[in-house]
Amino acid sequence: RTDRPIAHRSDERPRLTMPTVSLPAAPSPGVRTRRLRSKRVVNTAIVAASSSPTPDALADKKVVVLGGGIIGNSCAYFLSRRGVPCTVVERVEIAAAASGKSGGFLAGGWGDGSVTQPLHRESFRLHEQLAAELGLKTYRKIPTLSVAGGARMALDPPVSWLDGDVASARLMDDATAQVTPLELTTRLHEEAMKCPGSRTVFGEAVDVVLTTDSESGVTRVAAVTVRDEATGTTTSLDADVVVVALGPWSTRASRWFPDVRVPMTGVKSVSLVYDASSAVADEPAALFCAEDRNGCHLEVYPRSTGEVYICGCGGSEYVDEERLLPGGDLERADAVTPDERRVDAASKSFKGLSPGVGGAGPRVSQSCMRPCPPDALPYLGAVPGVDGAYLACGHNCWGILWAPVTGKIVSELVVDGKSSIDLEAFDPGRFMSAAQKRGKKIKGVNV
């Protein structure tokens, strides 16, 4: 990119000026990357429906969405817009994990040239649409800067609240945006629950009951077993569709669907929230900071409220599946607590960059886990060999950005039998062995 213009102020040192934020047009839904255009791929996990379902048929569907985070609620919301009611099963509370504790940074162009480009571009577009539909107060377009701490730079940084030791600050992207995930997740849930027949059940999803037709040999979803942790009693929820959207805890699906492996690592990281400041509210810019002597590579997101959200605190912990599964020490969202050493390190780093905002220390210190499959790509699509089962999980660091497009895709799969975006790279069965894949059928189609 070219250097930014410099504006001189008569009474102070010259300051680098911020560009006007512009938003490039997103490509049409289903756009492919350059590498993928050379071949036509048919995803065998997607079989087109022979006819459009009637409104009564859609209203009669028994859809259970496992997980009350942003992915699960996005699925429920987009299904509700198609007239499909959902039962959302949540163990702790709505947005209990990363959906209530993440930064909400949105970058539509940061997947360009990769298999995730369609997810980035379409979901970035959908975020702006949802902000209007849901009346969100925290969505806004902001520029993103690359910042390094150290000796004070000769020019004032482009935002006044960077009033500490800032060695450099340059524009990374002038077409990024931001939303507070808790607000978005809550609004998606509220609107989804307005669909007649929708409801929320609080409890632990312990099993997905499958049934196999003796004549056709087709295995399909029949019910979901939910345990009330207060009483210890279990309830069976009838289901003909189940969507697994449990974040890192979606690895449980390996036990529910015997022929599918859902390997997952929970990447546990610290985040901080600082009290509101008018300068932050009036001069927004996301900051991606170089690694510093405290072992931090801060990501700084100023919210529309004037609060500052900090992540990139360093020292992330990689949590294996045994700790996420039942009986593990991190089997539920409210068991995830922050590493105080990383809280102290990040607080020191941010205070150095912005003593005016960071001097008093954070108001909130917290921790959550992002769900990371072995190839860092999400599981998104139909579960091989089980009619009515879908995975929507493993979104790594892009869960907030990709939530709307994930909900849209799941609604298309459930209602239309096909997705407007190619899902081959995100196939939930991609970690199955060749032996497991042989002889499997999805809706009567050999895979």
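**Helix packing, buried sites and cysteines in a predicted model**

Helices α2 and α5 (residues 181-192) pack at an angle of about 35°, and their axes lie 8 Å apart. Axes here are lines fitted to C-alpha atoms, for helices over the stretch in contact, and angles run from 0 to 180 degrees between N-to-C directions. Helices (H or I, at least four residues) and strands (E, at least two) are DSSP runs numbered from the N terminus. The crossing of α2 and α5 is left-handed, meaning that the near helix is turned anticlockwise from the far one by less than a right angle. From α2, the residues Ile70, Asn73, Ser74, Ala76, Tyr77 and Ser80 meet Leu184, Thr185, Leu188, His189, Glu191 and Ala192 of α5. Contact means heavy atoms within 4.5 Å. By class, this contact has six nonpolar, five polar and one charged residues. Ala, Val, Leu, Ile, Met, Phe, Trp, Tyr, Cys and Pro count as nonpolar, Asp, Glu, Lys and Arg as charged, and the others, Gly among them, as polar.

The model is predicted: local features need pLDDT of at least 70, side-chain atom pairs count only at pLDDT 80 or more, and totals for chains, interfaces and linings use all residues. Residues are numbered from 1 along each chain as its sequence is written, and side-chain values use heavy atoms, with hydrogens and water left out.

Helix α2 (residues 70-81) has 12 residues. From first C-alpha to last, α2 reaches 16 Å, close to the 16 Å expected at 1.5 Å a residue. The expected span is 1.5 Å times one less than the number of residues. Of the 12 residues in α2, 11 are buried, that is, under 20% relative accessible area, where exposed is over 50% and partly exposed in between (1.4 Å probe, protein chains only). Among the buried residues of α2 are Cys75, Phe78 and Leu79. Just after α2, glycine 83 takes a positive phi of about 85°.

The chain as a whole has 12 helices and 22 strands. Of its 447 residues, 54% count as buried. Among contacts between residues at least 6 apart in sequence, 73% join residues at least 24 apart.

Two residues illustrate such contacts. Valine 208 lies in strand β9 (residues 204-212). Valine 208 counts as buried because its relative accessibility is 3%. Leaving out residues up to four places away in sequence, valine 208 touches Leu66, Val221, Ala223, Val242, Trp256 and Phe257. Its C-alpha is 9.4 Å from that of alanine 389, 181 residues apart along the chain. Lysine 101 belongs to helix α3 (residues 98-101). Beyond its neighbours within four places in sequence, lysine 101 is in contact with Ala96, Ser271, Tyr309, Gln366, Ser367 and Cys368.

Most residues other than glycine have a negative phi. Alanine 95, in the loop between β4 (86-90) and α3, has a positive phi near 60°. Alanine 95 is buried, at 7% relative accessibility. Alanine 376 also has a positive phi, near 60°. This residue sits in the loop between β18 (364-372) and β19 (379-382). Alanine 376 is partly exposed, with a relative accessible area of 33%.

A disulfide is a pair of cysteine sulfur atoms within 2.5 Å. By this rule the count is zero. Cysteine 311 is in no disulfide, and the nearest cysteine sulfur, that of cysteine 313, is 6.8 Å away. Cysteine 311 counts as buried, at 15% relative accessibility. Cysteine 397 is in no disulfide either; the nearest cysteine sulfur, that of cysteine 372, is 8.2 Å away.
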